[in-house]
Amino acid sequence: MKREEQRLIFELSRPGRSGGSLPENDVPEINVNELFSSDYIRKDEPELPEVSELQLIRHYTALSNRNFGVDSGFYPLGSCTMKYNPKVNEGIARMAGFAHIHPYQPESQVQGALQMMYELQDSLAAITGMNTVTLQSAAGAQGEWTGLMIIRAFHEANGDHQRTKVIVPDSAHGTNPASASVAGFDPVTVKTDERGLVDLEHLREVTGPDTAALMLTNPNTLGLFEEDIVEMAEIIHDAGGKLYYDGANSNAIMGKTSPGDMGFDVVHLNLHKTFTGPHGGGGPGSGPVGVKEELVPYLPKPLLVKDGEDYTWNYDRPEAIGRIKPFYGNFGINVRAYAYIRTMGPTGLHQVSENAVLNANYLMKRLEPYYDIPYQQYCKHEFVLSAKRQKKLGVRALDIAKRLLDYGYHPPTIYFPLNVEECMMIEPTETESKETLDEFADAMIAIAKEAEEEPDQVLEAPHETVISRLDETQAARKPILRYEKAKEEQ
Amino acid sequence: MTHRYLPMTEDDRREMLETVGASDVSELFSDIPKSVRLDQGLDVRKALSEPALIEYFQTLAARNDSIKKYPSFLGAGVYDHHIPSTVDAVISRSEFYTAYTPYQPEVSQGELQAVYEFQSMIATLTGMEIANSSMYDGHTSLAEAALMAATQKRMKKQTILISETVHPEARDVVQTFVNGPRLNLETVPSEKGVTDVQALKEMISSDVAGVIVQYPNFYGTIEDLTQLREAADEVGALLIVKSNPLALGVLTPPGDFGADVVVGDTQPFGIQGQYGGPHCGYFATKKTFMRKVPGRLVGETVDEEGQRGYVLTLQAREQHIRRDKATSNICSNQALNALASSVAMSAFGKKGVKEMAVQNVQKAHYAKTSLKDAGFTIVHDGPHFNEFVVDVGRPAVEVNKELFSEGIIGGLDLGRFSPEQEQHMLVCVTELRKKEEIDQFVAALKAKK
């Protein structure tokens, strides 16, 4: 691969060039100087680029060629569910009746949109075993915070002001303790035991009258099903707390079990993971929240309801936690998710989880002779391996990840969860074929051999990318966060 | 035949199970306690083929009246602007939209550089030193700014003041967010459609961590940022300004008035309305607050050979490192929409963004003058960007119904937020509204007076 720098779009700019087109101004001209006082009229123009349309397209095409997506190749990023993003969904989301509707149009003008949202809410309620679902929250982390604010409102309504603690496993996503904190709770950590599951004894110790909730991902971030879930639910419920389900890993359980059946009271789902809303290079996502009956009054407003044949927004919700987002959530992502659910149907979704789990177990088995597998039981949709055997040879998980880039793969999640040494967390998803899994396994095996026989090959990786390893220390020590025109150019 | 998204054949399944050492797939789920296993299929509708799926969604879409079919005078945070064709061409590149957060910079230079360029564009547009990679939307970005103001003061100051002229839904969102750490949110009243600076001066105290205003504000009018800055300075409070970024093509940016944080939504640049989301929040601030900023930041650095490249940086602020001590719980953001906005800003460019902003001013003032000539009262008359409030003489909700029967989507009925404003309509006029459409709108309103 040719290593060369890609110029910034600002560096392509030439004064007076343009790549846009505006309508003719067909109203009488007024001088803005006559409308605004001079202090409020911008003097220095913003340093936006000035490029032609072709320059713009070549620039962004070049950038896209320096980027790797699911369509480029295998992307087994653990806990992110990098499955195929169906093309038909993109077309559907761009239909004028979805893409070009305004949130303040009267309900009578957007009944199709409301019907779509209502049916999606119903489907998600069925999948999660919850009573009511809101589509308001923008992403997983916002869903977590929303769910916790709901739990807080419930406890406060019962006069339970002493419930200030939220229990989070040490293997949880970082968003869990962060969301608990932002929702005004103190996070408490519960340990993982030698099985890779929540330590029940420790859970009993940390649970008490100050417990507001337990947040749990099930299967957990090690890809293991928390098989004591029924006892855990009892421990928390007996103490008067609520169970929060982080739906990041729900791709493993559709049609097999549901958070509602497991005893959870609140759930969020990541529609950009399990339900194929594309990841977009980091977003937008969508993080609907579902709750059991008892918590419905606290759902954020407005809430979509069906009144006879009509769909309407209900704002009259005195116990609601308030508004969490402008308008009605990330509608465009919700359209895609519903298109996916309608594509798969009940048996298809069930098949999705079965295939995702079989793919993960197969890949784990193929890698077992070459890497340490800390937890030997069947995994669910993902598994973790440890590169501690390779570390003894001086090769770390980071190096293996970088070497995978040369083989044409996006590496797995690395160094997470924190409780596994030299961790690599691999989630193949159901949309990958056996051949892809075999080729990836072959690459991982080849790298394990390289680590023994020619470690420099791995340590100096990547060799085939447009850029070599970047100096992240310098980036943080002397942050340069924007382009600024050099003085001599001005 | 397999499903088109599920490549596993019966042969594959058999071979894989053999390798795994399981007799059948259900064995892989044996760790799920029997008492919580689902014994019946999911209660969702049956699968549709691709043609049936398209037809189903076409039917639903057809039950919505698109603002591309009828001229619309709705704004209030979501605007009907021209989206250059280049935007969809770029965001449809699946190397962008099927990627995730650029954790592996060597194969994510495209996304990282695009974000870096976005940060640069937002910083220059707002007149601020730095900007982050994006937030969910303008309202939650504002709420995060309020939280940052309090944490920046180490939670010793617990009050946030917010002007009544900030979008009512944004005020609601800020309220919900500040309920988390139990901060006080107090509303500063308005006078003639702008923040009442005198009232603000009386409300301000040493407990105030931040003062929030909108510029141009919810009613489209221009706040006096010089006076607001002075008022905030009296107690060392942060001045947080929510701005429509397009307006900053013609208006002096908040950074020039000394704003500490500027937030808003880049929807006016290249993002479809989509019934309100996803859009794209932005967050710009001073370098002083660099390590308190919520969300992702991309920075420039060099690789081992000294070649320039980009990485996610200052991650010690973030949830995946700091967990409960993080500056925010935000994880995913709106990267693809930030890309859409970058493309639109680049397409229009330095001159085009200004011209577009000026056109919005022209069209809105033409509409306003025409309404005045037709005998309507403009509520809070003054300089506006592309929105203003008109008293339509009758409940706006009824007027809108009648307008729609004539094929016009009227402005926002402010009675939605307060009953005493039921005759007030917030009218938005962008560059896309033709003179003819504005004239029809004015004539139709006049006929209903």
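Student: How many residues of chain A are in contact with chain B, and how many of chain B with chain A?

Tutor: In this predicted model, 205 residues of chain A are in contact with 191 residues of chain B. Tyr40(A), Tyr104(A) and Leu481(A) supply 5% of the area that chain A buries against chain B, more than any other three residues. The area buried between the two chains is about 17,600 Å², and carbon and sulfur atoms give 61% of this area.

Student: How many salt bridges and polar contacts are found between chain A and chain B?

Tutor: There are 14 salt bridges across the interface of chain A and chain B. One of them joins Glu156(A) to Arg182(B), with the closest N and O atoms 3.6 Å apart. This pair qualifies because the cut-off for a salt bridge is 4 Å. Polar contacts between the chains number 105 residue pairs, counted where both residues are at pLDDT 80 or more.

Student: Which element gives the largest share of the side of chain A that touches chain B?

Tutor: That element is helix H11 of chain A, residues 331-367, which contributes 26 residues. By kind, the side of chain A that touches chain B comprises 104 nonpolar, 58 polar and 43 charged residues.

Student: May we turn to a single helix? Which residues of helix H12 of chain B are buried?

Tutor: The general idea comes first. An α-helix has 3.6 residues a turn, so residues three or four places apart point the same way. In helix H12 of chain B, residues 396-405, the buried residues are Ala396(B), Val399(B), Asn400(B) and Leu403(B). Seen down the axis of H12(B), these buried residues fall within an arc of 100°, so they line one face of the helix. Lys401(B) and Ser405(B), on the other side of H12(B), are exposed.

Student: Against what do the buried residues of H12(B) pack, and what follows the helix?

Tutor: They pack against strand E14 (412-413), strand E15 (424-428) and helix H13 (435-448), which belong to chain B. H12(B) is followed by Gly407(B), which has a positive phi, near 80°.

Student: Is His139(B) buried or exposed?

Tutor: A residue is called buried when its relative accessible area is under 20%. His139(B), in helix H6 (residues 138-152) of chain B, has 4% relative accessibility and therefore counts as buried.

Student: Which side chain makes a polar contact with that of His139(B)?

Tutor: The side chain of Lys242(B) does, at 3.4 Å. Beyond its neighbours within four places in sequence, His139(B) is in contact with residues including Pro326(A), His167(B) and Glu169(B).

Methods. Residues numbered from 1 in each chain as written. Chains lettered and ligands numbered in written order. Predicted model: local features only at pLDDT ≥ 70, side-chain atom pairs only at ≥ 80, totals over all residues. Heavy atoms only, no water. Contact = heavy atoms within 4.5 Å. Buried area = accessible area lost by both parts, 1.4 Å probe. Salt bridge = Lys/Arg side-chain N within 4 Å of Asp/Glu carboxyl O. Polar contact = N/O pair within 3.5 Å; in protein donor to acceptor, adjacent residues only side chain to side chain. Helix = DSSP H or I, 4+ residues; strand = E, 2+ residues; numbered from the N terminus. Nonpolar A, V, L, I, M, F, W, Y, C, P; charged D, E, K, R; others polar. Buried < 20%, exposed > 50% of the residue type's maximum accessible area, 1.4 Å probe, protein only. Arc of directions from axis to C-beta.
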